[in-house]
Every structure is written in structure tokens, then in C-alpha cells.
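Please keep the sequence and model in view while reading.

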Amino acid sequence: LLPGPIFYPELPDFEDKYRMLSEHFQGQVYTWSSKEDGYEHQMDNFLFKGMRSSRGGLLTKIKLALFFVRKAMHFNNRKKIDAIVCYDPMFTGFVGAFLKMIFHCKLIVEINSLEIGGATQFFDSNPLRGRLKRTLYRMLSYLSLRSADTIKLLTDASKSKMPRYLANKNI
């Protein structure tokens with residue numbers, strides 16, 4: 001499982017779900033944390049690792065991708081990875097697609113916004129850099145969504161905006 005939103009698994013909304021999932025599954029969940037040093041929390045068959053959120057650039061993303069690959073290889077040596085869940089089709093989805101090729105496992109990618117590739121152009125004050133980011137994230141999204149076995153959508157509006165090349169996917 002790859003980084004998703006900042007959350008804490010011991011909160012009531014999440015705790016019950018992971019206890020139920022632990023009856024049949026086990027794994028590790030990596031997520032962002034607002035805590036300075038990050039955190040670890042064991043809950044039944046899941047280990048949650050909150051990583052310190054940073055606004056790093058490309059080098060930080062490359063280091064993070066390598067970290068995920070190493071962790072996945074280590075976990076797979078102990079027990080075969082059955083599925084990888086990514087909480088966005090961009091960076092984590094692309095890393096998930098790469099891991100799917102290595103481990104021959106299922107890939108589930110979640111789309112959290114109406115715009116595939118995210119609305120990243122709105123978060124950059126430089127219009128050219130914003131367009132470049134949007135183009136890159138759309139390309140990464142295309143690759144990860146094409147590799148996905150299942151796509152999870154959070155809204156019906158997202159489903160209506162799905163590109164035709166994803167029509168045969170499990171949604």
C-alpha cells in the first residue's frame with residue numbers, strides 16, 4: 001500500500017475497518033504524517049508507517065520511489081504480495097504499476113478528483129511549470145491506470161469523466 005492522505009489509523013473511522021481487514025489480510029500501509037518524526041502504529045495484521053510530509057522536488061520523489069521498491073522487495077521476501085493499493089494515479093500509481101510488473105500482483109488505483117492527473121496546475125504560481133506538471137502527471141496517470149486491475153472512484157462525477165481507454169476496467 002502506498003501513500004495516501006494524512007490520517008491516523010487509530011481514529012474510530014479507520015480502526016474498525018482495519019481490524020475487519022486483518023481477519024483476512026495483512027500488510028503495511030505507508031502514508032504521510034504531519035508529525036515531525038513520522039510514526040509507526042501496529043494494528044492487528046497491519047503496520048502503519050507515517051512518513052514526515054515534505055515538499056521535496058524530483059530528487060525527493062525518486063528517493064521515495066526507491067524506498068517503496070526496497071520495502072516491497074523486503075515484504076515480498078517474507079510473504080508474496082497479492083495486491084498493491086495506490087491512493088492516486090500519478091506518482092504512487094506509477095510506482096505501483098512498476099511494482100506490479102515486478103511482483104505480478106493486482107493493482108488497485110484510486111482516483112480522488114474529477115481531473116485525471118490532478119489539478120496540479122492550480123498549485124503552481126508559474127503557469128508554464130504548472131502546465132508541465134499537469135502534462136507529466138497525466139502521462140503518469142495514463143500509465144498507472146492502464147496497468148490497474150481495478151480503479152476505485154470516490155464520486156459518480158469522476159465516473160462520468162473516465163476516458164474511453166479505461167472502459168474495460170473494473171470500477
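Met73, Phe98, Met101 and Ile102 make up a nonpolar patch on the surface, with about 370 Å² of accessible area together. The model is predicted: local features need pLDDT of at least 70, side-chain atom pairs count only at pLDDT 80 or more, and totals for chains, interfaces and linings use all residues. Residues are numbered from 1 along each chain as its sequence is written, and side-chain values use heavy atoms, with hydrogens and water left out.

Patch members have over 30% relative accessible area and no salt bridge; like charges are joined within 9 Å, nonpolar side chains (Val, Leu, Ile, Met, Phe, Trp, Tyr) within 5 Å. Areas follow the Shrake-Rupley method with a 1.4 Å probe, and for residues only the protein chains shown count as cover. H3 gives the patch its largest share, three residues. Methionine 73 sits in helix H2 (residues 58–78). Its relative accessible area is 39%, partly exposed (buried is under 20%, exposed over 50%, partly exposed in between; 1.4 Å probe, protein chains only). Helices (H or I, at least four residues) and strands (E, at least two) are DSSP runs numbered from the N terminus.

Strands E4 (residues 83–86) and E5 (residues 106–111) pair in the parallel sense over four bridges; pairing requires at least two DSSP bridges between the strands. Valine 85 has isoleucine 108 in E5 as its bridge partner. From E4 the chain runs through helix H3 (residues 91–103) to E5, a right-handed β-α-β crossover. Right-handed means that, with the strands pointing away from the viewer, the path from the first strand over the helix to the second runs clockwise.

How many salt bridges does the structure hold? There are three, each a side-chain nitrogen of Lys or Arg within 4 Å of a carboxyl oxygen of Asp or Glu.

| Salt bridge | N to O distance |
|---|---|
| Arginine 19 – aspartate 44 | 3.0 Å |
| Lysine 100 – aspartate 149 | 3.2 Å |
| Lysine 152 – glutamate 110 | 3.2 Å |

Lysine 152 is in strand E6 and glutamate 110 in strand E5, so this pair ties together parts 42 residues apart in sequence. Glutamate 110 is buried at 7% relative accessibility, whereas lysine 152 is partly exposed at 43%.

Aspartate 44 and arginine 19 form a salt bridge. Aspartate 44 lies in the loop between strands E2 (39–43) and E3 (46–52), arginine 19 in helix H1 (residues 12–21), 25 residues apart. Both are partly exposed: aspartate 44 at 42%, arginine 19 at 35%.
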